[in-house]
Amino acid sequence: MHTRPNVLQLFSQSGLSEMPGKQAKTLSADHISDLLFFAERSRHPLRNRLVVLLSVKAGLRAAEIAKLTWAMLLDPSGEVGSTLEVRDEIAKKRSGRSIPIHPELRQALVEARRLCDGHGPLIRSERGGAMTPMSIVVWFSRAYDELGFEGCSSHSGRRTFITRAARSVHKAGGSLRDVQLLAGHRSIQTTQRYIDGDSDAQRRLISLI
């Protein structure tokens with residue numbers, strides 16, 4: 001039987017602290033599929049799908065998801081652009097950055113844009129105002145609890161995004177510096193601490209030595 005974490009536990013596990021004492025687990029492709037399926041079956045399927053995709057496909061922190069506005073997503077014509085602008089005022093340590101919008105996330109944003117006037121917060125509570133960072137943390141905690149995913153938190157999606165980006169950046173002709181910029185880290189050492197080792201890659205590497 002799962003027990004609900006208390007508020008202090010939620011803060012210690014959440015993306016509200018950049019590197020929590022115990023690192024949140026990264027998500028596999030199946031985990032992400034299950035999380036999106038959970039979101040689709042919730043009371044607010046489109047909103048919650050956006051919450052998941054902003055975490056795993058854009059690497060946003062819980063506070064950034066809560067404070068993101070349409071002005072940071074739309075181009076001058078009022079349509080969803082190709083880049084998400086995380087402005088300094090919502091980023092941790094004012095580490096604003098531009099993130100190319102993943103096709104899956106863009107599709108959800110376009111759908112959401114059709115249903116609103118394109119102003120104010122993207123992620124809204126049932127009362128119509130912006131959700132709080134703590135509400136985002138609690139939503140992820142409940143989702144993972146319902147799915148039976150242990151060791152996961154609101155930070156898991158962000159950590160998955162950074163880890164996947166670091167493993168794939170060479171295929172795009174980039175470097176760890178590009179991952180650092182996408183993550184909004186001031187130090188590349190912080191980016192490196194997010195990266196999980198890949199045991200299969202290590203075995204292949206040893207065979208090449």
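This note goes through the predicted model in numbered points, from the whole chain down to single residues.

1. Basis of the model. The model is predicted, so local features need pLDDT of at least 70 and side-chain atom pairs count only at pLDDT 80 or more, while totals for chains, interfaces and linings use all residues. Residues are numbered from 1 along each chain as its sequence is written, and side-chain values use heavy atoms, with hydrogens and water left out.

2. Secondary structure. The protein chain has 10 helices and two strands. Helices (H or I, at least four residues) and strands (E, at least two) are DSSP runs, numbered from the N terminus. Read from the N terminus, the order is α-α-α-α-β-β-α-α-α-α-α-α.

3. Burial and surface. The protein chain has 209 residues, and 44% of them count as buried. Buried means under 20% relative accessible area, exposed means over 50%, and partly exposed is in between (1.4 Å probe, protein chains only). The accessible surface is about 11,400 Å², and carbon and sulfur atoms account for 52% of that surface. Accessible areas come from the Shrake-Rupley method with a 1.4 Å probe; for residues, only the protein chains shown count as cover.

4. Contacts along the chain. A contact means heavy atoms within 4.5 Å. Among contacts in the protein chain with a separation of 6 or more, 67% are between residues 24 or more positions apart.

5. Helices α2 and α3. Helix α2 covers residues 29–40 and helix α3 covers residues 45–56; they pack at an angle of about 155°, with axes 7 Å apart. Axes are lines fitted to C-alpha atoms, for helices over the stretch in contact, and angles run from 0 to 180 degrees between N-to-C directions. α2 and α3 are therefore roughly antiparallel to each other. The cut-offs are under 35 degrees for roughly parallel, over 145 for roughly antiparallel and 65 to 115 for roughly perpendicular, with the rest oblique. The crossing of α2 and α3 is right-handed. A crossing is left-handed if the near helix is turned anticlockwise from the far one by less than a right angle, and right-handed if clockwise. On the α2 side the contact is made by Ile32, Leu35, Leu36, Ala39 and Glu40, and on the α3 side by Pro45, Asn48, Arg49, Val52, Leu53 and Val56.

6. Helices α3 and α5. Helix α5 (residues 103–114) also meets α3: the two axes come within 10 Å and cross at roughly 150°. That makes α3 roughly antiparallel to α5. Here the crossing is left-handed. Leu46, Arg49, Leu50, Leu53 and Leu54 of α3 meet Glu104, Leu105, Ala108, Leu109, Glu111 and Ala112 of α5.

7. The loop between β1 and β2. Lysine 93 lies in the loop between β1 (83–86) and β2, and arginine 94 is also placed in the loop between β1 and β2. Lysine 93 has a phi near 55°, a positive value in a residue other than glycine. The phi of arginine 94 is likewise positive and near 55°. Lysine 93 counts as exposed, at 57% relative accessibility, and arginine 94 counts as exposed at 57%.

8. Helix α8. In α8 (residues 176–183), the residues Val179, Gln180 and Ala183 are buried. Seen down the helix axis, the buried residues fall within an arc of 105°, so they line one face of α8. The arc is that of the directions from the helix axis to the C-beta atoms. These buried residues pack against β2 (97–100), α7 (156–168) and α9 (188–194). Glycine 184 follows α8 and has a positive phi, near 75°.

9. Residues around α8. Glutamine 180 lies in α8 and is buried, at 5% relative accessibility. Not counting residues up to four places away in sequence, glutamine 180 touches His185, Arg186, Ser187, Ile188 and Thr191. Its C-alpha is 8.5 Å from that of isoleucine 162, which is 18 residues apart from glutamine 180 in sequence. Valine 169, in the loop between α7 and α8, is buried, with a relative accessible area of 14%. Leaving aside neighbours within four places in sequence, valine 169 is in contact with Gly174, Ser175, Leu176, Asp178 and Val179. Glutamine 192, in helix α9, is partly exposed at 42%.
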